[in-house]
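Dear colleague,

Here is the structure that I promised to pass on to you, with my notes below it. Please read them with the model open beside you.

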Amino acid sequence: MYSIVSTAIVSGIRSIPVSVEADVSDGMPVFEMVGFLSPEVREAKERVRTALRNCGIMLPAKRITVNFTPADIRKSGSSFDLPVAAAVLAALGLVPKEGLTGCLFAGEVGLSGDVKTVPGILPMVADAKERGMRCCIVPAGNRSEAALAEGIRICGVDSIDGMIRLLRGDPWQEKEAPFNIEATGENTPDFAEIGGQKLVRRACETAVSGMHNLLLIGPPGAGKTMIAKRIPSILPPLEKEEQMELARIYSVSGLLMRSAAGRTASGLLPAARPFRAPHHTISVQGLAGGGARPKPGEISLAHKGVLFLDELPEFQKKTLEILRQPLEEKCVRLVRLSGSCEYPADFMLVAAMNPCKCGWYPDMQRCTCSQASVRRYLERVSKPLLDRIDISVEAQRIPFEELAKGERGEASGEIRRRVTAAHQMQRERYRGEAFSYNSQIPAARIREFCALTREQETYMEQIYQRLELSARAYHKILKVARTLADMDQEKRIEKRHLSEAVCYRGLDQKYWERP
Amino acid sequence: MKEAYWLANVRGISARKKRRLVETAGSARDVYSLTERQIRRLAILTAAEQDALIAGKACDADRGYAALGAQGITFVSIGDEDYPDRLTALPDAPFGLYVKGRLPDPERKQVAVVGARMCSEYGRAAATELGRTLAGLGVNIISGMARGIDAAGHEGALAGGGYTCAVLGCGADVCYPASNRRLYGEILETGGVISEYPPGTGPLPGYFPQRNRIIAGLSDVVIVVEARERSGSLITADCALEQGKEIYAVPGRIYDPLSAGCNNLIRQGAGIIAGAEDFKKELGLCGQTMVQESFVNLLLEKNDRLVYSCVDFRPKNMEKLLDETGLMLPELAEILERLTQNGFITETFKNCYIRKI
């Protein structure tokens with residue numbers, strides 16, 4: 001007897017359809033599985049055999065062959081147990097074969113016959129819907145996650161028994177109520193909680209308005225982290241499509257499943273934009289994604305949100321270097337022996353650093369660092385990375401009198417309204433272009449979008465000479481000035497925009513190279 | 001001359017002993033022509049020093065001496081006509097000096113400007129202004145070409161169009177710190193670089209306190225601009241004190257660690273520098289008055305005046321200026337840029353401003 005069952009394997013945030021065929025015939029009693037399998041898939045054999053026996057189903061003394069197609073893709077992951085069990089049951093005639101067509105199976109099986117959660121269910125289910133399948137049978141713990149893909153029937157099963165009953169058409173009811181994933185990520189911190197810090201607040205608003213990357217420089221305790229945490233709250237809310245893409249990434253990372261310990265909801269999908277702040281000891285793989293079967297890294301988990309790197313100079317140099325390509329291309333392509341995959345990584349980079357080891361430079365009365373040590377510290381961050389940061393701003397420690405005043409700043413909602421208006425302006429201007437924000441204007445087209453009057457050009461020339469700017473730094477100033485003009489809803493860049501943009505330029509070597 | 005160069009390069013004998021040796025023998029040439037037996041009978045040298053002198057005789061000084069000329073370095077030894085008289089008086093005067101460029105004109109007043117390497121903007125401004133004002137009046141500025149105050153003193157002197165000379169703790173042909181290469185070149189154009197160490201000698205920590213005695217020795221007045229409580233600049237002040245030179249200190253605020261050393265000096269009786277103009281009078285040089293603040297105010301418009309009045313002589317950052325002026329950032333940025341371009345204020349660090357002196 002022959003049967004075929006559909007399942008899928010996750011690649012990046014998409015899935016590739018895979019069929020599991022089973023055949024039961026006379027011959028030596030063996031259970032054989034073929035089709036380019038990785039060790040964990042090959043082990044499915046033992047798990048399924050034992051699980052079936054513990055559900056009261058003894059495999060007959062026949063030759064059972066299971067094949068995975070297409071045979072040229074390496075099958076890995078633990079989600080093949082359930083489809084193998086279903087295929088074998090159908091081949092043995094224990095469940096009707098008709099129930100299997102148009103149905104996707106995925107899940108891990110324990111020896112007792114219980115069905116365990118697996119990562120990456122959402123891409124499988126969402127793609128199955130696009131391929132026109134009618135139903136998905138997934139572990140009960142993955143049910144809520146799968147339900148994010150609307151418009152396809154989702155059945156969550158918690159044991160092999162449950163699956164058999166479901167396939168036989170027995171009256172069947174979902175045991176657990178789905179938990180609400182979107183409920184998490186509420187009460188994001190608000191900018192209103194920050195008093196003072198006018199310069200930094202303004203810089204944050206500017207950065208978000210033009211989607212510029214941001215560098216905060218300041219002594220410890222100036223509130224750099226506090227401010228960075230609030231940046232997602234002034235980004236425009238996630239659109240449905242963006243949220244779905246984000247959900248796929250989180251699903252592949254296994255962050256959407258109900259926890260194995262059976263605790264209630266551990267859904268981590270943020271309703272708001274993500275804020276990821278990896279510790280500076282993070283490895284290259286942790287940041288960019290990786291492993292034998294590449295998993296998304298922090299840059300992908302920060303997709304459509306903010307990646308915050310605190311203590312930037314403390315990060316390993318090679319870890320920071322890998323940020324360069326994703327910052328340009330908005331995605332990261334990981335190539336491994338098992339194949340290549342691509343994860344989206346469209347994030348806003350917010351970095352924070354001290355100006356020197358002790359943190360007080362350039363306040364010479366308090367700074368105890370030598371000139372050489374200041375230089376060493378500041379030069380630890382690679383120049384190419386700094387080149388990709390348009391706005392850099394100094395945070396100052398707030399004096400006690402101001403703290404005591406307990407002044408509240410403007411609320412995030414207000415700022416967000418202005419940001420949305422600035423984004424709208426850019427969307428209209430860049431309609432039909434390959435980019436959508438000021439930070440992404442290619443160098444060749446800066447003159448076109450950031451046109452200056454004759455008078456403004458002379459003004460900028462003076463600044464250019466005085467500050468000994470590089471061409472790149474000059475372009476960055478123009479792009480930021482464009483954003484400032486958009487925030488004012490101005491069609492043309494004004495002088496005030498230029499002089500403000502100059503304040504956001506990067507820290508230049510000449511300040512710590514003085515005799 | 002060549003014999004003096006040879007003697008200066010003999011190791012194991014102190015400068016003080018070499019000086020006595022020359023006085024005893026008559027001249028360096030006479031020292032050179034001493035036979036081994038004669039040397040053995042010299043009572044002023046210990047046995048080890050006698051060995052060193054005999055071993056030194058085997059060395060060939062010709063090549064090194066010829067190389068000096070090629071490098072543009074002149075060698076003067078104690079007793080020479082060119083050797084600075086101010087140094088001759090020192091008990092531990094260097095036996096020989098390597099000079100690149102010119103030696104200071106002994107007829108003029110010599111002022112040393114020394115201080116911390118990691119200095120504040122206040123110290124940097126004070127050193128530059130002192131250097132510029134004094135050099136403009138024909139005073140020679142002497143310092144050590146270290147980062148910070150020393151370099152600012154030299155820069156000021158160069159800007160004032162005067163003579164300045166750097167006394168180094170390494171060979172006169174070695175630029176230390178290397179980042180001061182531009183300054184080194186500029187000093188050589190009109191001034192001089194002096195060292196008691198032969199060309200090619202690298203900077204060693206022990207050499208710097210030694211060279212401080214030469215800085216103090218060459219000067220009539222030593223000004224300490226900024227110094228922490230235990231600063232190397234205080235060594236220069238101590239040397240000057242021993243040599244009976246005048247010491248002045250630029251006072252600072254009592255809470256500023258960078259001024260602790262200076263304030264200490266003042267308590268011990270050092271003179272106070274209350275502005276470059278004031279100091280000019282103290283030195284007996286005539287002066288002119290500073291630009292009055294009210295005059296500056298006349299030149300500026302209302303908001304510019306507001307911003308200018310908030311900018312201080314200590315660096316103030318943008319955040320603070322935003323708070324104090326109550327202006328919005330775009331406007332403030334524009335005014336600051338205008339004030340900078342018109343030369344009223346300077347940006348000392350990104351978004352930190354001070355008044356221009």
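In which sense do strand β2 and strand β6 of chain B pair, and over how many bridges? Strand β2 (residues 96–101) and strand β6 (residues 192–195) of chain B pair in the antiparallel sense, over four bridges, where helices (H or I, at least four residues) and strands (E, at least two) are DSSP runs numbered from the N terminus, and two strands pair if DSSP finds at least two bridges between them. Within β6(B), G192(B) is the bridge partner of G101(B).

Before going on, please note that this is a predicted model, in which local features need pLDDT of at least 70 and side-chain atom pairs count only at pLDDT 80 or more, while totals for chains, interfaces and linings use all residues. Residues are numbered from 1 along each chain as its sequence is written, chains are lettered from A and ligands numbered from 1 in the order in which they are written, and side-chain values use heavy atoms, with hydrogens and water left out.

The sheets

The pair in chain B belongs to an open sheet of nine strands with mixed pairing, in the order β1-β2-β6-β5-β4-β3-β7-β8-β9; its edge strands, β1 (73–77) and β9 (271–272) of chain B, each pair on one side only.

In chain A, five strands form an open sheet with parallel pairing, in the order β11-β14-β17-β10-β18. Here β11 (275–276) and β18 (391–394) of chain A stand at the edges with a single partner strand each, so one side of each is left without a neighbour in the sheet. Two bridges join β11(A) to strand β14 (residues 306–309) of chain A, and R276(A) stands opposite L307(A) in β14(A).

Also in chain A, strand β8 (residues 135–139) runs parallel to β9(A) and is joined to it by five bridges, with V157(A) as the bridge partner of P139(A). Of the five residues of β9(A) (residues 153–157), four are buried, that is, under 20% relative accessible area, against over 50% for exposed and in between for partly exposed (1.4 Å probe, protein chains only).

Where the chains meet

The contact (heavy atoms within 4.5 Å) takes 38 residues from chain A and 34 residues from chain B. The buried area, meaning the accessible area (1.4 Å probe) that two parts lose on being put together, summed over both, is about 3400 Å², and carbon and sulfur atoms give 54% of this. M118(B), F349(B) and K350(B) supply 24% of the area that chain B buries against chain A, more than any other three residues.

Five salt bridges are found across the interface, each a side-chain nitrogen of Lys or Arg within 4 Å of a carboxyl oxygen of Asp or Glu; R505(A) and E347(B) meet in a salt bridge at 3.1 Å, N to O. On the side of chain B that touches chain A, the largest share, seven residues, comes from α18(B).

Helix α21 (residues 495–503) of chain A is mostly covered, with seven of its nine residues buried, among them H497(A) and C503(A). These buried residues pack against α7 (198–210), β18, α19 (454–467) and α20 (471–487) of chain A, together with α17 and α18 of chain B.

Helix α17 of chain B holds T325(B), which is buried at a relative accessible area of 11% and is in contact with L306(B), V307(B), C310(B) and L332(B), leaving aside its neighbours within four places in sequence.

With kind regards
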